[in-house]
Structure formats: C-alpha cells, structure tokens
Amino acid sequence: MADYRYHSQDDLQKLGERIREKAIKVTMSQEASYAQAQQQANNEATRYDTGQPTQSPNYHRPTGGRPDDDGNLHAYLMDAYQGIPLLFTRFAVPDPDSARSTLDALYKTAVTLQPSLEIKSDSGQLTTPLQVGDEPGTVPVEQTKNIMVTHLKQWSGHAAESFETYVKELETSAAYHRQISISLANGLEAMIAIRKSMLTDIWEIGDKTYKALDELDSWCTNSASQAAKLTILGALAAVAFVVTDGAAAVAVEGLQSAAAIMGAAQTLQTASHEPISGATVPPILSGMAKAIDRLQAGVDQQEQVVARAMQAVSGSLDHLWSRALLHAPSPLTAAAGQSRSELERPTGFFVH
Amino acid sequence: MAESGWKFAADLSDLRMVGAVDLPAMAYTFAALNNVVDKTEAGDSNGFQWQSGGMSQVFGSWAELRDSLQNLLGQTSQNLEVAAQAVLQIVETYAATDATARDSLNAAWNDGPPPLLDGEYAPPGPAPTVVLKL
C-alpha cells in the first residue's frame, strides 16, 4: 500500500480528540449548528426532567442557567461528543509489520523442509530460495532420504522394506508440513494486509471528518462536502499470496491451501467512497459514524474469510493426519528386539 | 550362505550410518523446526491483538493450525529417533554374532563415522528438546 503509515493507539486517540474539539468549536461558532445544538440541549433537558431516557448516554443536567446558554451548551457538547476518540481507538492494533518475525519463521520452516522450493514473489516471478534461508544445523529432507535409500540397498526382508517405505514417505509428510507452514504464513500475510488497510481507512475517515468540519468553520462556506475512500473490502484481493509452484513442488494431495481458499473468496473490489458532508456539525458526525460502521463491517468480512481458510486447512489435515505424521514402522521396531536367526527370516532385516 | 566378515562389515556400516547419522540428522531437523514454530507464540499479539482488548476472530483457528504443525514436527522428530534406535539395535545384534565383522566395523568407526557421502550431513549435536502443545 503506497500511502500506508502506521498509526498507534495514541495517534488515534489524538485524532479523535482533535475531531471532538473541532466539532465543539464549530458548533459554538457556526450559526446553524449552534441553533441545532440549542434545540438538542433543550430537548435533552426536557427528556431528563420528564424521566425519559436521554439521547446522549453521557448527559448531565445543568445545575444553573438555561440548558441552551453558552456555558451549559458547551458542557452539553463535551458530554455528547465524549465518545468520539473511542470510535477511533477501537481500531488500535500493534504495528502490523511487527508480525514479520513470525512470517520469517514460517517461511524458514517451509524452505528448510524443501530447499528447492519455488515460491512466487510479489511480482509473480518464481524465486528461490526465499530470503530467509533455512534453519542452521538442519538437513534437506529429500536429499537425506535419497542417501538413506542408497545405504539400504543391500538390505532386504519385510522389516527392511517397511523401513525403506517409511524413509521414502518422509518426503511426502514433509511436503504436508511445508504446505501447512505456507498456509499459516498466508493467513498472517492476510491479517497484515487487512490491518494496514483498516488503519489507512480509519485515518482517512478522521482526516475527512476534520476537513469537513474545517470547511464549516470557514466564513465563506455554509456547507461541507467530503468523502472518505475505504479500501478495506479490497484488502485480501490486493495480497500476492506466496504459493508453491513448479516441478520442485511435491503434490500435497487432499490438503487445502489457504491461498487458494482466500483467493477464491475475493473478487477485485474498487474502493468505496463514504460521504462525510452536511450544512451543520451533526450530519457530518453522522457521516463519520456510518463510515466507521462500514469499515468495521468490512474488517469483519475480510477476517471471516481468513478464519474460514484456516479452519478448512485444519479440517483437511484431520483426514490426512496419518500421512502427515509417520510413525517408525512396527516391523522395524519389532526387528530391533530379534535374534540374528529371526532377522534373517523373510519377515526380518538382512543382507540379500 | 549368510553374510559375514569384512564384507558384511561394510553393509553393517551402511546401516549404522542410517541409524547414527542420517536419521539423527533428520530428527534434529524436525526438532529444530518444532522449536522455530514454538517460538512464534511470543509474537501472537503482533498479528492478532486488539489494543482495546482481546484477539482477532482469526486467531483461534490460526493458532490451532500453528499448534498442529508444531506437534507434527515435534512428533516426527521423536518417531525418527525411535527408528534410529531400532536400526542401531539391529546393527548391534548382527555385530554381536560375528567377531570379524564387529572388529572391522569398529575399526572403521574408531574416529567417528566413516567419510560421508556427497550431500550427507551429520547433525551438529543432539536434537533440540521438542515442545509439544497439548
């Protein structure tokens, strides 16, 4: 995302406070907003006095003066707009890029299991190896498997053959582990993309709201017209998921791919433009609130796609567990306790 | 006629390579990766936390899959070690019944494993301790 910048919880709090202060200032200074606010303050006082629930959850009945005089009106607005910063800070998350260390660990796991792994980079080009490299002290599974098969070529018997099959199937189980690792990485890449888009959009909403209030604050305009561009529904569609490809990839039959699931769930979405406009402060704040609701709904929708992808991979793994987790074959472990004469039977482990 | 003597020692040496070098190297690999995945738990909040409280709705299913991968890697390592011990036991059974083969085998292994094949690697040490999620 070209215009992404991380905004901390503190940044969002300050943004919300700026908007609140601006909303109060413009209400107190713009004739039409002031008149509207006076009406609302009087209505709230009436509700309070007649035992009806007030519209503002933070309402405090003035103890002196008219509800709509300057001092009491300002206090009323402070109460009514108290929750604005919370509308922004509820989107506060740790810096999404701080999740990169987990991503590196997952890619490292995949590359260690299959060093010749060909992985599509963001540009769509095949690239090998990944920048992370493999874990120190480890060995390539396929190559070590081939070496063991070489060492075993003189050995025969049912126990020896079952052991050789086990060794060869290690490559398949490693391929399952590799695919799970990549699916996890893809899920985390998706979360990073969603969160970056979300932070960009909430900041955009705040920025456009402030600009709209600022327009009203100007002596030469009597209405404001802004629109917040929301990118959230295109967050996943914009991610270039890492997938395996090429002849080096071992088939992982039956195991779902998170990238395939998330890719299939997306259609390319153009950004939506949420109006934040009006001739007075209340419709501007209402536009802001609607845009925030739209953003929240978008975040939920995108996250549900990722959650379903993770569940699907787990579900498919449940059916493949015995292929993903190989146990030392029982003919081999039984042979370990046998005498030489038993080992040299057809069921055993002997040199042919 | 059953194998015996120095020729048999060569085959026993091949089998011992599998049990003493190759399988332990694989066990090391899977245990090391088990540890790599385990350590990602420390960073869970970076990708999934809401600073107003709680974790993303994605976290539960993502962490479940992560923990499954961790256990697969760890248990694979443990199973490889079981296989390695079984193979070594078979070597010892044969060596105990053939003095010439045993002496020839031990001479070849006197200073550690014989020369490794091209692309064959000995593990750097015992496999790291595996961490399994309940």
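## Terms and basis of the model

A helix crossing is left-handed when the near helix is turned anticlockwise from the far one by less than a right angle, and right-handed when clockwise. The structure is a predicted model, in which local features need pLDDT of at least 70 and side-chain atom pairs count only at pLDDT 80 or more, whereas totals for chains, interfaces and linings use all residues. Residues are numbered from 1 along each chain as its sequence is written, while chains are lettered from A and ligands numbered from 1 in the order in which they are written.

## Confidence

For the complex, the predictor gives an ipTM of 0.94 and a pTM of 0.91. The mean pLDDT (the predictor's confidence in each residue, from 0 to 100) is 88 for chain A, where 89% of the residues score at least 70. For chain B the mean is 94, and 99% of its residues reach 70 or more.

In chain A, the pLDDT is below 50 over residues 121-130, a stretch that has 16 contacts in the model beyond near neighbours in sequence; here two residues are in contact if their C-beta atoms, placed from the backbone, lie within 7 Å. Residues 246-251 of chain A also have a pLDDT below 50, and this stretch has 10 contacts beyond near neighbours in sequence. Where pLDDT is low, the predicted coordinates should not be read in detail.

## Organisation of chain A

Chain A contains 11 helices and 6 strands, both being DSSP runs numbered from the N terminus (helices H or I, at least four residues; strands E, at least two). Among the contacts of chain A with a separation of 6 or more, 77% are between residues 24 or more positions apart.

A:Val111 is found in helix H5 (residues 100-113) of chain A and counts as buried because it has 24 C-beta neighbours inside 10 Å. A:Val111 and A:Ser181 are 70 residues apart along the chain, and their C-alpha atoms are separated by 9.6 Å. A:Ala185, which lies in helix H7 of chain A, is buried with 25 other C-beta atoms within 10 Å. Its C-alpha atom is separated by 26 Å from that of A:Lys145, 40 residues apart along the chain.

## Packing around helix H1 of chain A

The axes of helix H1 (residues 9-29) and helix H7 (residues 158-217) of chain A come within 10 Å and cross at roughly 20°. Axes are lines fitted to C-alpha atoms, for helices over the stretch in contact, with angles from 0 to 180 degrees between N-to-C directions. H1(A) is therefore roughly parallel to H7(A), since angles under 35 degrees count as roughly parallel, over 145 as roughly antiparallel, 65 to 115 as roughly perpendicular and the rest as oblique. The crossing of H1(A) with H7(A) is left-handed.

On the H1(A) side, the residues in contact include A:Leu12, A:Leu15, A:Arg18 and A:Ile19; on the H7(A) side they include A:Ile202, A:Gly206, A:Thr209 and A:Tyr210. This contact has 9 nonpolar, 3 polar and 3 charged residues, where Ala, Val, Leu, Ile, Met, Phe, Trp, Tyr, Cys and Pro count as nonpolar, Asp, Glu, Lys and Arg as charged, and the others, Gly among them, as polar.

H1(A) also packs against helix H2 (residues 31-49) of chain A, the two axes coming within 5 Å and crossing at roughly 95°. H1(A) and H2(A) are therefore roughly perpendicular to each other. A:Val26, A:Thr27 and A:Met28 of H1(A) make this contact with A:Ser33, A:Tyr34 and A:Ala37 of H2(A). By class, the contact of H1(A) with H2(A) comprises 4 nonpolar, 2 polar and no charged residues.

## Interface between chains A and B

In the interface, 62 residues of chain A are in contact with 57 residues of chain B. On the chain B side, the elements giving two or more residues are helix H1 (5-39), helix H2 (44-48) and helix H3 (59-97). H3(B) supplies the largest share, 20 residues. The chain B side divides into 29 nonpolar, 20 polar and 8 charged residues.

Helix H6 (residues 141-151) of chain A packs with H1(B) at an angle of about 165°, their axes 9 Å apart, which means that H6(A) is roughly antiparallel to H1(B). Their crossing is left-handed. A:Val141, A:Thr144, A:Ile147, A:Met148 and A:His151 in H6(A) meet residues of H1(B) that include B:Asp14, B:Leu15, B:Met17 and B:Val18. The contact of H6(A) with H1(B) has 8 nonpolar, 2 polar and 2 charged residues.

Definitions and conventions: Buried ≥ 20, exposed ≤ 12 C-beta atoms within 10 Å, placed from the backbone.
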